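Here is a friendly briefing to read alongside the coordinates. Take a look at the structure first, and then walk through the notes below.

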Amino acid sequence: MGFPDRIERTTDLAHPPSKVWAALTTAEGLSGWFGNDAAIDLRPGGAARMSWPEGPVADIRIERVEEPSVLGFTWRVDGMPEGDPRRTYVEFTLEPTLQGTRLTVVETGFAQLPEGNYRTGYDSHVEGWARELDELVGYLDAA
């Protein structure tokens with residue numbers, strides 16, 4: 001493989017796993033930090049949908065739910081045509097710590113993208129996860 005296939009970010013949060021789990025798995029939580037509007041059917045095979053004011057909509061398929069420690073989903077990568085079956089897999093793992101929760105997010109599947117879409121899709125998600133995790137911290141701290 002000529003380019004990375006994996007994005008991984010870990011952050012320590014000063015909040016209990018139950019509070020972080022709610023931010024990741026409820027429409028209210030997701031719309032507070034990740035999208036501006038959200039809906040979620042929290043079960044393997046369930047659907048979630050998030051939208052942003054600037055127009056994009058993320059249609060998500062829930063793949064893995066192990067409350068309160070693992071949430072996995074797949075979604076279409078920006079720039080790929082609607083209906084394209086290729087998706088990346090995102091997994092959030094929560095670990096309790098003495099100070100709160102260690103949250104790790106891993107996204108994989110970029111290697112399946114065509115060369116012309118790879119760099120844009122991968123780079124936008126690298127930047128996006130840094131920004132979104134900062135927004136999660138702000139949301140949790142304000143709540």
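The side chains of Asp84 and Arg86 make a polar contact at 2.8 Å. Keep in mind that this is a predicted model.

- Asp84 sits in the loop between S5 and S6.
- Is Asp84 buried or exposed? Asp84 counts as buried because its relative accessible area is 16%, and the cut-off for buried is under 20%.

**Thr88 in strand S6**

- Thr88 belongs to strand S6, which covers residues 88-96.
- The relative accessible area of Thr88 is 0%, so Thr88 is buried.
- Which side chain does the side chain of Thr88 meet in a polar contact? The partner is the side chain of Glu107, at 2.5 Å.
- Setting aside residues up to four places away in sequence, Thr88 touches Phe73, Thr74, Trp75 and Val77, and also Glu107, Thr108, Gly109, Phe110 and Gln112.

**Aromatic pairs**

- How many aromatic pairs does the structure hold? The count is 10.
- One of these pairs is Phe34 with Trp75, which is tilted, with 5.9 Å centre to centre and 50° between the planes.
- Phe34 lies in the loop between H2 and strand S2 (37-40) while Trp75 lies in strand S5, so this pair ties together parts that are 41 residues apart in sequence.
- Phe34 and Trp75 are both buried.
- Trp75 also pairs with Phe73: the ring centres are 5.3 Å apart and the planes stand at 80°, so this pair is edge-to-face.
- Phe73 and Trp75 are both buried as well.
- Ring pairs join Trp33, Phe34, Trp52, Phe73, Trp75, Phe92 and Trp129 into a cluster.

**The cavity**

- There is one cavity of 30 Å³ or more.
- The largest cavity holds about 70 Å³ of space.
- Which residues line the largest cavity? They are Leu24, Leu30, Trp33, Phe34, Ile40, Ala48, Met50, Ile60, Ile62, Leu71, Phe73 and Phe92.
- By class, this lining has 12 nonpolar, no polar and no charged residues.
- Helix H2 (27-33) and the strands S3 (47-51), S4 (57-66) and S5 (70-75) each supply at least two residues of that lining.
- Trp33, Phe34, Phe73 and Phe92 are among the residues lining the cavity, and these four also belong to the ring cluster.

**The pocket**

- The volume of the largest pocket is about 520 Å³.
- Its lining is made of 18 residues, and Trp52, Pro56, Ala58, Trp75 and Asp78 lie nearest the centre of the pocket.
- Which element gives the most to the lining of the largest pocket? That is H3, with six residues.
- S4 and helix H3 (115-142) each supply at least two residues of the pocket lining.
- By class, the pocket lining has seven nonpolar, three polar and eight charged residues.
- Trp52 and Trp75, listed among the residues nearest the pocket centre, are also members of the ring cluster.

**Pro68 and its cis bond**

- The peptide bond joining Glu67 and Pro68 is cis, with omega about 0°.
- Pro68 is in the loop between S4 and S5.

**Two alanines to look at**

- Ala14 is in the loop between strand S1 (6-13) and helix H1 (17-25).
- Is Ala14 buried or exposed? Ala14 counts as exposed because its relative accessibility is 61%, and the cut-off for exposed is over 50%.
- Apart from neighbours within four places in sequence, Ala14 is in contact with Gln99 and Gly100.
- Ala14 and Arg76 are 31 Å apart in space, C-alpha to C-alpha, and 62 residues apart in sequence.
- Ala27 is part of helix H2.
- With 29% relative accessibility, Ala27 is classed as partly exposed.
- Not counting residues up to four places away in sequence, Ala27 touches Ala38, Ala39 and Ile40.
- Ile40, touched by Ala27, is one of the residues lining the largest cavity.

Conventions. Residues are numbered from 1 along each chain as its sequence is written. Side-chain values use heavy atoms; hydrogens and water are left out. On a 1 Å grid over the protein atoms alone, a cavity is a set of points where a 1.4 Å probe fits but cannot get out, and a pocket is an open set with protein on both sides within 12 Å along at least five of seven lines; lining residues have an atom within 4 Å of a point. Grid points are joined across faces, edges and corners, and a volume is the space filled by probe spheres set on the points. Helices (H or I, at least four residues) and strands (E, at least two) are DSSP runs, numbered from the N terminus. Ala, Val, Leu, Ile, Met, Phe, Trp, Tyr, Cys and Pro count as nonpolar, Asp, Glu, Lys and Arg as charged, and the others, Gly among them, as polar. Buried means under 20% relative accessible area, exposed over 50%, partly exposed in between (1.4 Å probe, protein chains only). Contact means heavy atoms within 4.5 Å. Rings of Phe, Tyr and Trp (its six-membered ring) pair if their centres lie within 6.5 Å; planes under 30 degrees apart count as stacked, over 60 as edge-to-face and the rest as tilted. A polar contact is a pair of N or O atoms within 3.5 Å; within protein, one must be able to donate a hydrogen and the other to accept it, and residues adjacent in sequence count only if both atoms are side-chain atoms.
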